[in-house]
Each structure stands twice: as C-alpha cells, then as structure tokens.
Amino acid sequence: MKIVFFGTPQFAMPTLEKLLNHSEFEVLAVVTQPDKRRERGNKLTPSPVKVIATAHNLPVWQPERVKKDTETLTQLKQLDADVFVVVAYGQILSSKILNMPKLACINVHGSILPKYRGAAPIQWCLYNGEKETGITTMLMDVGMDTGAMLQIATTPIGLLDNAQDLADRLAAIGGDLLVETLLKLSRQEIQPIPQDNLAATYAPLIQKQDYGLDWSKSAIQLHNQIRGFYPNCTATFRNNLLKITASAPLASVGDRNLPPELQELLHKLPDLSNISDRPGEVVSIVKGIGAIVQTGEGLLLLREVQLAGKRPQSGWDFVNGTRLTVGEVFGAGS
C-alpha cells in the first residue's frame, strides 16, 4: 500500500514509525508544517515528523498553505498514492487533495468521535473531567472531523494524568490502530459508520485566557484545568506569575485514583471541604509533599510549580525555597 503521510508534532511520530517499519506499507513522501523559530536561540527547528522523515531519506514537503501550493499539489497528484494518512498535520485539506488517493484519506484523531472534534481534543477532555477517551480512525471529508468512522480504541483516564501523559499514550494507540485500520480496509473488512452530528462536541484551540486559575472554582475544576492545559496554567504569588503544573484534589478518603502517599495524607486531614473562607489561602503545609490550598469547594494540593524564569520544582521544594507559610494567599492567574 503506497502512502503519503501528513503530520507535524510529536503526537504523529509513533504512527509514522509504525508505517515505516511495516512490510505491507510504503511511505512515498511526508508533508509537514514549515520549520519554526523556537524561543531559545531563535533557530529554525524542524517538526518532529520532519526529523523522522529526513532520517529515512523520504521526500519532505513543507508548504505554507498546502491547498494553495501549486507545486505541492502537482507532486501529490503525480505520486498516485493509495492512501493519504493525516495525523495532527495542522492545516485544512481541500476537497481536491482529499480526492487524490485511490482508496481514502484517513485521519487519526485523538478522541472518541463525535465528541471533541477540533484542534485540542486531549486538552478539553481532561478539562471536562472525562474518565475515558481514545483514538478514532476516520475517512476524511471537507468538514472539521466530521467524516465516517472506521475504528475506535479506548483508554481510561487516571485522576493524575495530564495532557502530555495522555497524548503519549494515545499516540502509541493511534499508531497501532491505524495499521489495523489500513490492513482491514485493504481486505474490505471495515464498514464506515457515519457520525451522529447531534452528539458532537467541539475542542477549539486553547486561548491565553484559558490558562488563568480562579481559586473560587472547586478543587476538581482547578485540577482538571491544570492537567488539561499542562504546563501553562497560572496563578499569582507575591505579585509574580506562578505556573502550577501538577496538583491533586483532596476529595475523600478511599479515593482509589490517588497514589498511596496521598491516600495516607487524606486520613490525616481533619476536614476535606472548607478549612478557610478565603479561596487561594494556604491552609496546610505537608512535610515532603507541599502546600494545600483552599478553593471555592474543597482543597487542592500543589504537587509541582514553576516560578518565572526557573525550572519546574516539586511542591515541597517550592515551600522550602520561598519559605511559604500557612495563611499566605495565591491570587488569580491571567
């Protein structure tokens, strides 16, 4: 099966690697986003997918706008591929491109469709506190993740999973599922299933204002925001911006989703609901672990934070380094 691969970030790498290492597939070329300048040194940096493609001596095309790039369109047509595979490419494909391959244009999407169509399905499913997510392979059409579904693989979401944890797991699942999908498609063993548009939800791009933490929200809402939009959620501390990169909602003794050391902590806390009437106030400091903060409903443990210009550090190192005291109050982020 002759394949053209469209993809850009780390999430797409396992799928490309699976295709390259499978005897029944031949990757003809790779289409990825143009190199970008990164903050450190402002050097042009290739996408993770380009790095893999270059290592395998594959042709790599990086049009600014693929559906408007006449040269790329001509090259894609000339390849006469069986399938186009798209994994987090980052550009909309025109109907002209979607109709080029002989068999299909297939997308590997990071949610259980029709829920979480759009650019950030992993982040928003965590933000909304979902207990399960997955990968859907689907036939692409001109809509935003609206094509008929081919196969679905699911995975549970742990209470302490963040967006990076989940993306890594889903990326691996996606590679395996795509291989299975392509093999079944070639043997005509798959019947595409139309999506129920009435059940669809959307996962738009994350905006800067989504990162600000509001301590009047509940502990579980804040925790889901922190892990969903990892590692960018912010509060203020002593008039400076502070990123909170890992947390744990202290909800109830016997919560099986918490690791043993936090289970033990729950047994020691006298009250798990409201110790203070000031959201954002440090109500306890647990030796070796970190600070516990009052929220609008329940308590939130700060497991990892990042001061401006510094590396991420454990909650306990933060307490020691800043000499944090009970009664101090964290402000809202922005």
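Reply: Phe-237 has Asn-240 of β11 as its bridge partner. This is a predicted model, in which local features need pLDDT of at least 70 and side-chain atom pairs pLDDT 80 or more, while totals for chains, interfaces and linings use all residues. Residues are numbered from 1 along each chain as its sequence is written, and side-chain values use heavy atoms, with hydrogens and water left out.

The bridge belongs to the antiparallel pairing of strand β10 (residues 234-237) with β11, which extends over four bridges; strands pair if DSSP finds at least two bridges between them. Helices (H or I, at least four residues) and strands (E, at least two) are DSSP runs numbered from the N terminus. Two residues lie between β10 and β11 in their hairpin, and Arg-238 adopts a positive phi near 50° there.

The chain as a whole contains nine helices and 16 strands. Its C-alpha trace spans about 70 × 45 × 35 Å along the principal axes, and 49% of its 334 residues are buried.

Elsewhere, seven strands form an open sheet of mixed pairing, in the order β5-β2-β1-β6-β7-β8-β9. Because β5 (60-61) and β9 (149-156) stand at the edges with a single partner strand each, one side of each has no neighbour in the sheet. Strand β1 (residues 2-7) runs parallel to strand β6 (residues 83-87) through five bridges, with Val-4 opposite Phe-84. β1 pairs with β2 in the parallel sense, again over five bridges, and Lys-2 has Glu-26 of β2 as its bridge partner. Five of the six residues of β2 (residues 26-31) are buried, so this strand is largely enclosed by the rest of the structure. β2 in turn runs parallel to β5 over two bridges, where Val-30 is partnered by Val-60.

Val-49, in helix α2 (residues 48-55), counts as buried because its relative accessibility is 0%. Its C-alpha atom is 6.4 Å from that of Gly-7, 42 residues away along the chain. Leaving aside residues up to four places away in sequence, Val-49 touches residues including Phe-5, Pro-9, Leu-16 and Val-30, where contact means heavy atoms within 4.5 Å.

The largest pocket has a volume of about 1900 Å³. Of its 48 lining residues, Pro-9, Ala-88, Gly-90, Ala-119 and Leu-205 are the closest to its centre. On a 1 Å grid over the protein atoms alone, a pocket is an open set of points where a 1.4 Å probe fits, with protein on both sides within 12 Å along at least five of seven lines; lining residues have an atom within 4 Å of a point. The elements giving two or more residues to this lining are β7 (104-109), α5 (121-127) and α6 (163-186), and α6 gives the most, with four.

Technical notes
Buried means under 20% relative accessible area, exposed over 50%, partly exposed in between (1.4 Å probe, protein chains only). Grid points are joined across faces, edges and corners, and a volume is the space filled by probe spheres set on the points.
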